[in-house]
Amino acid sequence: MSIQRRWTLSLLAVVTSLVVAVTAALEWQAHRERARVESTWQASRLSELDVRLQLSGGASLRTVGDLVGSGDIESLVAPYVGGRSTSDRDLVDWAAGCAARWGLDQVVLLDSAGNVLSNARWPEAYGRPHPQVDFLLNRLTRDPVVWESAEPDPVRMVGSIQSVRVGTSLFRVLGGVVLSEQLRTIGRESGFDALRVTPLGQPMSTGEIEVDIPLDWQMQGEWRLHAALPAAPGLATLEALRRRWRVIAVVVLLLTILTVPLVARGLSKPLIELTRATTDIGLGNRQPQLPSSNVREIQELARALGEMAEDLGESEARIRAAERRGAWREIARRIAHEIKNALSPLALALDNIETATARADDRGREASARAIDTARDQLNSLDRLVGEFRSFARMPRLHLATYEVWSMISSAVSSAAEVHSSVQFKVCDEVRLPLVHGDAEQMRRALLNLLLNAAEAGSAAIEVVADVGPGDHRWWLAVRDDGPGLPVSVGADFGTPYLTTKPGGTGLGVAVVRQTCEAHGGAFRWRALDPKGLEVRLELPVIAQVQSEDDEGDAIV
């Protein structure tokens with residue numbers, strides 16, 4: 001994973017975590033605030049409702065008390081108690097007029113037996129026992145009462161029942177208002193959407209809460225008060241803030257997704273450029289392009305990397321100079337050694353010539369001739385030594401042309417056979433080879449060098465083989481001998497300069513062969529033969545892939 005992608009994912013994770021954390025904290029705080037506001041609002045509304053219910057019950061109680069204390073009832077029922085004639089119509093109509101005067105929805109006058117003497121909402125009930133007589137006769141006169149009216153379409157009422165004694169007779173006055181209307185007014189004044197009385201066990205509607213009816217209210221049956229409380233005023237503002245924050249969070253996340261890759265690219269660009277510069281330094285570039293940044297750490301790292309590249313360049317220059325000087329010293333030492341080896345016999349030969357010349361007889365002439373031959377051999381050795389060093393010291397300059405492989409092989413084998421007539425040379429020319437493009441003379445010299453090395457190693461039979469492959473547009477040439485082969489200690493160093501197993505050898509012959517092969521774009525390989533012998537194989541392209549030429553000094557090093 002690239003560093004830019006890691007920066008992108010890291011920044012996205014950080015910003016997303018912050019947004020989620022802030023959102024969770026705000027949601028938690030909003031939940032707590034909502035619960036607090038709702039609890040406070042509900043407590044305040046219930047308290048207001050309780051107060052208004054108490055006031056409503058107290059008002060009905062006082063109104064009925066004032067009615068009883070007005071004396072209207074005594075004057076109405078006095079003739080009835082004294083046995084005097086009283087108009088039934090006066091009793092029947094009294095309750096309706098009384099309710100209108102005192103602002104009540106219902107007024108009922110009962111005798112001591114519970115019979116209806118007057119009913120404002122149901123005049124036809126005159127003389128009949130009240131349906132709730134047992135409940136009403138046992139109620140307290142100091143507390144509000146909730147009962148159902150006795151008309152054919154009963155209505156739940158809230159009010160009070162008061163006793164009036166006229167003579168020896170006890171009368172009861174029941175007065176009140178319609179409970180539903182009263183609750184509607186109370187609910188509106190207390191801030192409720194709805195307020196209703198329901199039987200015990202009836203489920204509540206959505207949004208309703210159960211409210212306790214005042215304890216001093218005397219109920220006919222088991223009832224519960226259900227109230228629909230509106231949302232608290234502060235919740236609308238709270239919900240608006242929550243919605244606004246959600247929008248802000250979404251916008252922040254979208255902006256983060258769009259801008260984080262740009263920020264990550266800006267953060268990772270100096271590091272990517274530093275990585276590229278480090279790679280260039282590893283590939284040999286000692287003047288890499290370093291990033292420019294305002295970050296102090298990046299500046300210090302770039303400066304340190306530039307200083308390291310300069311130090312490496314200086315160290316490599318010193319190493320190359322030291323290697324070049326060491327190589328030249330080694331070459332000079334080997335040349336001096338080889339020349340000294342040749343000069344010693346040459347000086348001895350000159351002494352012998354001088355001695356033989358002084359004697360001037362047949363033995364002197366023979367000695368002189370032998371000394372001259374020795375001197376000639378040493379001079380030839382020095383010439384061969386200088387030629388091999390010159391060949392190795394520079395990359396072969398190829399003169400490319402199309403040539404026939406078997407003709408080149410025959411020429412090299414013929415030259416080797418003239419030098420080593422006792423060795424049996426064999427050319428396996430059964431394979432038809434294509435015309436190849438390269439330097440025929442350089443390849444002939446390389447093959448001749450391999451043939452002479454094999455013959456000088458003590459081989460009795462040498463075989464030259466060639467064929468096409470491996471792969472398209474390639475061919476190979478191999479020299480196989482039955483000599484002693486290579487020592488195990490040579491190993492993979494075979495073909496390196498100055499490595500030789502022959503007495504008096506320079507170790508440059510095979511190195512020149514390898515250099516010529518590689519100059520054609522080929523590969524130099526060798527392997528030991530069973531039970532003895534050695535195969536040296538040159539794998540070459542049909543069309544030479546010429547390498548670039550270095551200067552002579554670099555080639556020597």
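Student: Which helix does glutamine 54 lie in?

Tutor: In this predicted model, glutamine 54 belongs to helix 1, which covers residues 3-69. Over the whole chain, the secondary structure amounts to 12 helices and 16 strands.

Student: Is glutamine 54 buried, partly exposed or exposed, and why?

Tutor: Buried means under 20% relative accessible area and exposed means over 50%, with partly exposed in between. Glutamine 54 has 31% relative accessibility, so the residue counts as partly exposed. As for the chain, 38% of its 557 residues count as buried.

Student: Which residues is glutamine 54 in contact with, beyond its neighbours within four places in sequence?

Tutor: With those neighbours left aside, the contacts of glutamine 54 are Pro214 and Asp216. Tryptophan 217 can be read by distance: 163 residues separate it from glutamine 54 in sequence, yet their C-alpha atoms are 9.0 Å apart in space.

Student: What share of the chain's contacts with a separation of 6 or more comes from residues 24 or more positions apart?

Tutor: Such pairs make up 64% of those contacts.

Student: Now the surface. Which residues form a negative surface patch?

Tutor: A patch of this kind joins like charges within 9 Å, using residues with over 30% relative accessible area and no salt bridge. Here, Glu307, Glu310, Asp311 and Glu314 form one. Glutamate 314 is part of helix 7, residues 296-359. Its relative accessibility is 45%, and it therefore counts as partly exposed.

Student: How much accessible surface does the chain have, and what part belongs to carbon and sulfur atoms?

Tutor: The total is about 31500 Å², and carbon and sulfur atoms account for 54% of that.

Key: Residues numbered from 1 in each chain as written. Predicted model: local features only at pLDDT ≥ 70, side-chain atom pairs only at ≥ 80, totals over all residues. Heavy atoms only, no water. Patch = residues over 30% accessible without salt bridge, like charges linked within 9 Å, V, L, I, M, F, W, Y side chains within 5 Å. Areas by Shrake-Rupley, 256 points an atom, 1.4 Å probe, with all protein chains shown as cover. Salt bridge = Lys/Arg side-chain N within 4 Å of Asp/Glu carboxyl O. Lys, Arg positive; Asp, Glu negative; His and termini not counted. Charge placed at Lys NZ, Arg CZ, Asp CG, Glu CD. Helix = DSSP H or I, 4+ residues; strand = E, 2+ residues; numbered from the N terminus. Buried < 20%, exposed > 50% of the residue type's maximum accessible area, 1.4 Å probe, protein only. Contact = heavy atoms within 4.5 Å.
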